[in-house]
Amino acid sequence: MANGNSAILTVQQEQKLRQPIEDYVGGIQKKIDSLRADGTDRVLSLQSHMDTVKKDRILSKAEKDAKLAQDRAELEKAKAVESQNQAEISKLIADAEAYLKEHFVNDYYRAVKVSCMLEKEQAKEKYRRNVEKLEKDHQAAIAKLSDHQEIKDEKYVHKNRLFDAKMELEKDLQQVKDRRHAAYTYKDHLLDLLRMSKFSFMETRAQKWENYKYTFNRRAFLLQNGLYIAIMLVFIMLCIITPIVKKTPLLTYNNVLNILQQASPRMFLALGVAGLILLTGTDLSIGRMVGMGMTAATIIMHQGVNTGSVFGHVFDFTGLPVGVRVIFALFVCIVLCTFFTAIAGFFTAKFKMHPFISTMANMLVIFGLVTYATKGVSFGAIEQTIPNMIIPKINGFPTIILWAAAAIAIVWFIWNKTTFGKNLYAVGGNPEAAAVSGISVFRVTVGAFVLAGILYGFGSWLECARMVGSGSAAYGQGWEMDAIAACVVGGVSFTGGIGKISGVVVGVFIFTALTYSLTILGIDTNLQFVFSGIIILVAVTLDCLKYVQKK
């Protein structure tokens with residue numbers, strides 16, 4: 001860049017500063033390459049060839065053995081050469097690293113960094129002058145016009161010119177940013193060649209931090225994290241206000257454990273519905289499934305003979321061992337929830353019915369059946385020994401959290417390490433393209449609903465153990481909103497194919513912690529719904545803005 005400021009480097013001047021580094025380190029690199037030719041490079045080449053031979057289905061076993069035997073013999077020679085040259089190579093690498101440490105920043109990078117800072121200021125000054133000139137020309141043009149339409153056209157043209165000037169500024173700033181980043185990463189490039197891509201932990205961290213700064217975009221960052229920042233600020237305010245108002249601290253060990261304990265059953269529900277949201281769907285029947293699962297589990301694990309009836313029949317499972325009843329209750333919860341989610345999944349996949357309709361139908365059917373069958377009564381407590389069997393507390397630590405952690409790990413594995421998980425993302429992102437590529441959209445959709453049903457069953461079973469029974473048709477009302485909201489806040493997009501398990505986990509913890517904090521503070525439950533509604537609205541708005549920006 002030619003200009004009057006001597007501190008701003010031209011391309012030729014920057015190259016001149018870098019030339020001694022290129023010559024010195026490049027000379028060392030040539031020596032290392034020659035030493036590696038018959039050693040390390042040959043070892044890698046032979047290992048690759050041996051892998052190819054092993055996978056070759058055309059060759060007979062005898063031919064494979066002959067080729068592998070020859071490669072192994074050559075490999076031993078290559079490794080001997082590699083070992084022989086290792087000390088010399090290490091010495092050359094140390095020499096190059098010492099030279100870079102002494103000269104890279106002092107003789108090259110610092111000058112480029114100063115140049116970039118001045119170029120950045122120069123670009124901003126150029127933009128300021130352009131805007132002043134455009135404003136002056138605009139005012140002069142307006143003064144000569146009297147027709148309303150002509151004035152309107154001139155304002156439109158002026159607005160476009162200002163936009164062009166802003167785009168030119170951003171282009172100039174990006175070029176400066178690119179130049180500084182290229183200068184910084186040049187050292188990593190040299191080290192990469194010298195060490196064959198082997199970097200220390202701290203060097204890797206430094207590279208990632210540099211890449212993060214280089215790709216950082218304020219608008220994208222706020223769209224991605226603005227809601228989390230706002231919620232964190234609200235939570236900090238609650239932590240400050242609660243001790244003042246209630247004379248008790250909010251962030252205590254017991255409170256944190258209580259939040260995690262309450263979040264654990266809800267984690268199963270959120271993980272289940274997250275897969276449906278990934279397919280641009282939802283599930284309005286979660287709360288009713290929790291009520292159904294809680295009722296079924298309470299009936300089976302009830303303390304003594306049931307006090308209530310189902311379709312007029314009073315069940316008595318006291319003849320079964322407690323362990324059998326616990327497992328049977330889990331089985332029934334999973335079967336019932338999976339049965340209904342499979343029905344919703346079938347109608348959604350087969351008839352292209354929107355999940356809003358199929359799951360709303362499920363919600364009505366489940367609530368109607370359970371309420372009619374049980375007359376809406378609560379079935380009381382389960383056996384007192386069962387919670388200690390399923391979710392015992394070890395030194396005050398509630399092990400229900402470990403159940404949630406296991407669910408997170410399993411669902412993460414399914415989403416990220418299985419064919420079904422990859423297909424889930426593909427169908428959610430573009431079902432037509434997924435179908436063309438050979439993916440069964442029907443199977444993936446039904447599979448997502450079945451997985452959700454299994455998770456709902458587990459969640460309701462754990463909730464029954466946590467609450468020591470008290471199952472009724474009305475239990476779980478509104479839980480679907482909490483689960484869906486947690487997913488949305490966690491970044492699982494309703495546009496489909498976008499979302500991470502880590503986001504779901506964060507979303508569940510955020511909503512549980514916020515609800516718990518507001519309850520301790522004494523905020524009315526109805527006002528808590530207002531907070532949740534605002535959070536959901538903001539989260540979906542930010543998600544829509546991200547989608548629009550992507551488009």
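Me: What gives the most to the lining of the second largest cavity?

Reply: In this predicted model, α15 gives the most, with 4 residues. α15 covers 441-466, and α7 (253-278) also supplies at least two residues of that lining.

Me: What makes the second largest cavity a cavity and not a pocket?

Reply: The word cavity is used because a 1.4 Å probe fits there but cannot get out. The volume of the second largest cavity is about 30 Å³. Its lining consists of Leu 271, Gly 272, Gly 275, Trp 415, Leu 424, Ala 448, Leu 451, Ala 452 and Leu 455.

Me: How many residues of that lining are nonpolar, polar and charged, by class?

Reply: The lining of the second largest cavity has 7 nonpolar residues, 2 polar ones and no charged ones. Gly 272 and Gly 275 are in the lining, and they are polar here because Gly is counted in that class.

Me: Which residues line the largest cavity?

Reply: Ala 123, Lys 126, Tyr 127, Asn 130, Ala 165, Glu 168, Leu 169 and Asp 172 line it. The largest cavity has a volume of about 40 Å³, and α3 and α4 each supply at least two residues of its lining. By class, 4 of the lining residues are nonpolar, 1 is polar and 3 are charged. Tyr 127 belongs to the lining and is nonpolar because Tyr is on the nonpolar list.

Me: What is the volume of the largest pocket, and why is it called a pocket?

Reply: The space in the largest pocket is about 980 Å³. Of the 22 residues lining this pocket, the closest to its centre are Lys 120, Leu 173, Gln 174, Lys 177 and Phe 216. It is called a pocket because its set of points is open, with protein on both sides within 12 Å along at least five of seven lines. The lining of the largest pocket has 7 nonpolar, 4 polar and 11 charged residues. α4 gives the most to this lining, with 8 residues.

Me: How do you know whether the protein chain is spread out or compact?

Reply: The secondary structure of the chain comes to 18 helices and 2 strands. Its radius of gyration is 33 Å, whereas the globule rule gives 24 Å for 551 residues, so the chain is more spread out than a compact globule. The C-alpha trace spans about 95 × 90 × 55 Å along its principal axes.

Me: What makes a residue count as buried, and how many do?

Reply: A residue is called buried because its relative accessible area is under 20%. Of the 551 residues, 40% count as buried.

Note on methods: Residues numbered from 1 in each chain as written. Predicted model: local features only at pLDDT ≥ 70, side-chain atom pairs only at ≥ 80, totals over all residues. Heavy atoms only, no water. 1 Å grid on protein atoms, 1.4 Å probe; cavity = no way out; pocket = protein on both sides within 12 Å on 5 of 7 lines; lining within 4 Å. Points joined across faces, edges and corners; volume = space filled by probe spheres on them. Rg over C-alpha atoms; globule rule 2.2 N^0.38 Å. Buried < 20%, exposed > 50% of the residue type's maximum accessible area, 1.4 Å probe, protein only.
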